[in-house]
Amino acid sequence: MQAYEILLLIGGGIVLLVLLLAARNAVHFYRHEQFVCPTCSYPFRPRLRKYLFAPNAAGGKILTCPNCGAKEYMEPQKRDNTR
Ligand SMILES: [Zn+2]
């Protein structure tokens, strides 16, 4: 096996791992969490594509509120599953 083949394998492995972690995060989020708009307190879950590609900041994301349209930094919060 050539050196570049090994590098390709390692690179592919890292990409796969990152994708798996992102998928696991997304599944966890959609099962247990939601974002709450800091401007109008509207709780929401963004579309999966928006969730995955929204800019990350610390533990949260920069998202646009579907209720009031504010583009804010939001952190995921536990959803109460009693409803
Ligand atoms: Zn809002």
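Modeller: Let us begin with pairing: two strands pair if DSSP finds at least two bridges between them. Helices (H or I, at least four residues) and strands (E, at least two) are themselves DSSP runs, numbered from the N terminus. Please keep in mind that this is a predicted model, in which local features need pLDDT of at least 70 and side-chain atom pairs count only at pLDDT 80 or more, while totals for chains, interfaces and linings use all residues. Residues are numbered from 1 along each chain as its sequence is written.

Colleague: How do you know that strand 3 and strand 4 pair?

Modeller: Strand 3 and strand 4 (residues 60-64) are joined by 2 bridges and run antiparallel, and at least two bridges are what the definition asks for. Asn56 stands opposite Lys61 in strand 4, and Ala57 stands opposite Gly60 in that strand. The hairpin of strand 3 and strand 4 has 2 residues between the strands, and Ala58 takes a positive phi near 50° there.

Colleague: What joins strand 4 to strand 5, and what lies between them?

Modeller: Strand 4 and strand 5 pair in the antiparallel sense over 4 bridges, and Lys61 has Met74 in strand 5 as its bridge partner. These two strands form a hairpin with 6 residues between them, and Gly69 in the turn has a positive phi of about 80°.

Colleague: Why are strand 3 and strand 5 said to stand at the edges?

Modeller: The order 3-4-5 describes an open sheet of 3 strands with antiparallel pairing. Strand 3 (56-57) and strand 5 (71-74) each have a single partner strand, so one side of each is left without a neighbour in the sheet.

Colleague: Which strands make up the open sheet with the order 2-1-6?

Modeller: That order names its 3 strands, and their pairing is antiparallel. Strand 1 (residues 33-36) is joined to strand 6 by 3 bridges, the two running antiparallel, and Gln34 stands opposite Gln77 in strand 6.

Colleague: How do you know that the span of helix 1 agrees with its number of residues?

Modeller: The expected span is 1.5 Å times one less than the number of residues. For the 30 residues of helix 1 this should come to 44 Å, and its end C-alpha atoms are 44 Å apart, which agrees.

Colleague: What makes Ala22 exposed or buried?

Modeller: A residue is buried if 20 or more other C-beta atoms, placed from the backbone, lie within 10 Å of its own, exposed if 12 or fewer, and partly exposed in between. Ala22 has 12 other C-beta atoms within 10 Å and is therefore exposed. Ala22 belongs to helix 1 (residues 3-32), where the number of buried residues is 0, so the helix lies largely in the open. Over the chain, buried residues make up 5% of the 83 residues.
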